[in-house]
Amino acid sequence: MLTSSAIWLAFILYLAFLLIVALVENIRSKQKSARGFATAGGSIKWPFLVMTYLASLMSTWVFFAGPGAYYRGGIGYWASELSYICLFPIIVHFVMNKVWITNSSRHYTTPADFYYDRFKSPLLRVILALIFLSASFPYIASVLIAISKAAEIATGGAIAYQQVVIVVGVVIIAYVMIGGLKSIALTDTIQGLAYISILWIIVIACLYCAFGGSLPAAFRTIWENTNEWFSYPGPDGWVPYSARFGYPFSCAIGWTVMLPHVFIRSGYSGSDLHTQRKLMFLTPILQAFVWTGTMLIGMVSIALLPGLSTDETEYIIPYLIQNIINQIHPNLAVILMIFFFVGAIAVGISTADSFLLVTGSIISEDLLHHTLGIKMDEKRQLLSVRLVILAVGIVSIIFAINPPDLIYTLIMFAIAIVMPLFPILVLGIYWKRATKQAAVVSAIVGTVLVLMTYFVWDLGGSWYGAFGFAGSFVCMIVVSLVTKQDPEDSLEFYEALEGGEEKFYDKSPAETPET
């Protein structure tokens, strides 16, 4: 539908914009430390934190797997999405705000830094680094896959998929290596606003072209032709009763707080507690707004094109534009295809850059510096992070050149694999009796259970990381009760946490009015 020259022009302009922002931010901030490069040193204000969190969270799901998931899963799947969104403020308030308070005086760089500060276990640091890395590679690859597929589909195959993978991958690598989190926060804010606007333009245009803008008409069509869309387990039968719990539970924990790039944002990067509270309350509203738009695309698609295969629904937006909108308004179809492509770039890059940055810091800090004991000054630490970003990016490009069939599978596995780390985090904060031995056992057992869920029991498509979470939680309690750890190991951690609470929270008793 689009010419290859139009796509390459869009690429050049968009990617040039990212590189210019990265260069300007690098010159302006004069970044000197690995921590500042990876976490912005806890200096991001709330408008940018909210948008960089949201943009990095949404990923290619919005324009690819998301509409396809609503097509196959039905309106019950949308209810599952909304059910976990309401848990976000609770988790941030009771968990991630505690992380932020401790970080304000302890100055962490990687997610594993927080765990190490609490448990003082080098082995746990290595295990966590490997788990976080196993979540990062699939996500980075899924972005490169999605953007390249978008270019291939939008041009009717005129652009070779592998060419786009290489070009996008190289530019993202360069952009992240130059700018760090400060520039990412700025560009993510712009990209987030862009892809949300584009999403709703596509929703309104499709609904208008197909049903004259009438939602009731779309609902009636679905009810007459595919009424399974209105109930569990959905049209494709892949949202069983187990998924009513497994999916929202895994997303509420694994997706929104435990993936390494969002852990950094929700726990380390905010400038103050006011920023944390804005993140806590505004993010669920914006999430619901995005998911509703994504659901409506899936709804319009199944009303117009029932019976599509799973592979076809992964790319339902361009399929809808080519096969429906193009027959009604060809000029509008071209505009929407351009919007789809730009939106896919925006939402994809805003996730890939975040994952690439945190992956670089995990390998450099957790593995090279702390585990292997390679001594580096600040300048060399920053250089090592950038070189690791380069290496990780190249590996991700190679992986994306020969991808698996479904983007959805990559994303959900990444979410599930980090689920078992949440009980360790929570009990480490709230239970001083928790031990490092328990943390190590919980991380191992939980991860093994997630792998068995996917590769042995074939339950990954419904339970996701729930079994790993449960196993980790039980192990943390049982092993902590039968092992001991020197209280001195966590003394500084709890002093920082309790001192921060005294500093940031008003704990004075409320005055009783005189009668």
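This is a predicted model: local features need pLDDT of at least 70, side-chain atom pairs count only at pLDDT 80 or more; totals for chains, interfaces and linings use all residues.
Trainee: Are helix 7 and helix 19 parallel, perpendicular or oblique to each other?

Mentor: The axes of helix 7 (residues 111–119) and helix 19 (residues 421–430) come within 10 Å and cross at roughly 45 degrees. The contact is made by F114, Y115, R118 and F119 of helix 7 with L421, I424, L425, G428 and I429 of helix 19. Angles under 35 degrees count as roughly parallel, and 65 to 115 as roughly perpendicular. The two helices are therefore oblique.

Trainee: Is the crossing of helix 7 and helix 19 left-handed or right-handed?

Mentor: The angle between the axes is roughly 45 degrees, but the hand of the crossing is a separate item. For helix 7 and helix 19, the crossing is left-handed.

Trainee: Is N97 buried or exposed?

Mentor: N97 lies in helix 6 (residues 88–106). Apart from residues up to four places away in sequence, N97 touches V92, L273, Q276, M280 and Y505. Its relative accessibility is 1%, and the cut-off for this class is under 20%, so N97 counts as buried.

Trainee: What is the length of the polar contact that joins the side chains of S364 and S384?

Mentor: S364 is found in helix 16 (residues 330–371) and is buried, with a relative accessible area of 0%. Not counting residues up to four places away in sequence, S364 touches H369, M376, Q381, S384, V385 and V388. The polar contact between the side chains of S364 and S384 is 2.4 Å.

Trainee: Why is E228 placed in its accessibility class, and what is that class?

Mentor: E228 is found in the loop between helix 10 (215–225) and helix 11 (241–258). Leaving aside neighbours within four places in sequence, E228 is in contact with G234 and P235. Buried means under 20% and exposed over 50%; E228 has a relative accessible area of 40%, so E228 is partly exposed.

Key
Residues are numbered from 1 along each chain as its sequence is written. Side-chain values use heavy atoms; hydrogens and water are left out. Helices (H or I, at least four residues) and strands (E, at least two) are DSSP runs, numbered from the N terminus. Buried means under 20% relative accessible area, exposed over 50%, partly exposed in between (1.4 Å probe, protein chains only). Contact means heavy atoms within 4.5 Å. A polar contact is a pair of N or O atoms within 3.5 Å; within protein, one must be able to donate a hydrogen and the other to accept it, and residues adjacent in sequence count only if both atoms are side-chain atoms. Axes are lines fitted to C-alpha atoms, for helices over the stretch in contact, and angles run from 0 to 180 degrees between N-to-C directions. Angles under 35 degrees count as roughly parallel, over 145 as roughly antiparallel, 65 to 115 as roughly perpendicular and the rest as oblique. A crossing is left-handed if the near helix is turned anticlockwise from the far one by less than a right angle, and right-handed if clockwise.
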